[in-house]
Amino acid sequence: MKKYDAAIPLGNFCSASFHLRHNGLQVESYPFDWVGFDSVVIPATLIANGFKDFFVPERLERVEGENGNHLPYIQYPEHYLFYHCVEKDLPFEEACQKAKAMFERRIARLYEHLEKARNILFLNASNDSVREEEAIEALEILQKKFPGKNIDLIVVDMKPDYHNLEIKELNEHITFAKLNFHNKKNEYSDRKEEFQILLKNRKLASQKEVIRLRLHRKFFALKRVLVNALCCLIPIKKARKAIRKKMQISTQDFNHN
């Protein structure tokens, strides 16, 4: 059993954060919970360089998804994908200011937790092409940034043409996995059993943090039930939606702070 003082998602989209939370390893939100990258090297580099040019509204472009669904804003030329971060119902400038403030909180929290931690786990789950060499490079960047700390990295390469879960230990600190994955409505939460296998022998060292996570989940579930019950009494759909948004109730079990 490996125990960690902090477990940090490194993208490539919501899946890494979801499965860390689902397995009791992530308690609070971090910068890369909803952000996508072309390579696991990119978030490691951003952590190392102080998040230089991480969120630049002037470089953002909104893209359209399949079937008319709106996908994230993309920051060019870096091709950073920002999921759920820029609220489409607000004026663009106001939405960007709100998103920037959110990222500043999460970045400060990340560095605070990494500074205090002795043993750290990073997880990257990507449906883009991943090379083993990139995982090795990403770990080297993080180890150089935080010398003296014990850092483990799990990289999950997810493709629809893979078969069963394949796990390969590249060295004592890097686990490289291949996992069959099909994009669908709840893609970020797919493959719970396989991620449980990857994370089953990894826990948070502090029981205080584990208890905090459980209480957070219970509070969120209770809040969602109460708000949805209240909304059933409101006949106007727009009003129901506004209340849910204000109370931060959605189908995603994420901490928005």
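How many aromatic pairs does a search of the whole structure find? In this predicted model, the search finds 13 aromatic pairs. One of them is formed by F54 and Y80, whose ring centres are 6.3 Å apart and whose planes stand at 40° to each other, a tilted arrangement.

The backbone of F51 has a positive phi of about 60°, although F51 is not a glycine.

The loop between β5 (70-75) and β6 contains P77. The peptide bond that joins Y76 to P77 is cis, with omega at about 10°. A cis peptide bond is also found from G11 to N12, where omega is near 15°. N12 is located in strand β2, which runs over residues 6-12.

Rolling a probe the size of a water molecule over the atoms shows where empty space is left. Across the whole structure, one cavity of 30 Å³ or more is found, and the largest cavity has a volume of about 50 Å³. By class, the lining comprises five polar residues, three nonpolar residues and one charged residue.

The description now turns to a pair of helices. Two packed helices are described by the angle between their axes and the distance between the axes. Helix α2 spans residues 41-48 and helix α4 spans residues 132-145; their axes come within 9 Å and cross at roughly 10°. Because angles under 35 degrees count as roughly parallel, α2 is roughly parallel to α4.

Which residues of α2 and α4 meet? From α2, the residues in contact are V41, A44, T45, I47 and A48. On the side of α4, they are E134, E137, A138, I141, L142 and K145. Sorted by class, this contact has seven nonpolar residues, three charged residues and one polar residue.

Key: Residues are numbered from 1 along each chain as its sequence is written. This is a predicted model: local features need pLDDT of at least 70, side-chain atom pairs count only at pLDDT 80 or more; totals for chains, interfaces and linings use all residues. Side-chain values use heavy atoms; hydrogens and water are left out. Axes are lines fitted to C-alpha atoms, for helices over the stretch in contact, and angles run from 0 to 180 degrees between N-to-C directions. Helices (H or I, at least four residues) and strands (E, at least two) are DSSP runs, numbered from the N terminus. Angles under 35 degrees count as roughly parallel, over 145 as roughly antiparallel, 65 to 115 as roughly perpendicular and the rest as oblique. Contact means heavy atoms within 4.5 Å. Ala, Val, Leu, Ile, Met, Phe, Trp, Tyr, Cys and Pro count as nonpolar, Asp, Glu, Lys and Arg as charged, and the others, Gly among them, as polar. On a 1 Å grid over the protein atoms alone, a cavity is a set of points where a 1.4 Å probe fits but cannot get out, and a pocket is an open set with protein on both sides within 12 Å along at least five of seven lines; lining residues have an atom within 4 Å of a point. Grid points are joined across faces, edges and corners, and a volume is the space filled by probe spheres set on the points. Rings of Phe, Tyr and Trp (its six-membered ring) pair if their centres lie within 6.5 Å; planes under 30 degrees apart count as stacked, over 60 as edge-to-face and the rest as tilted.
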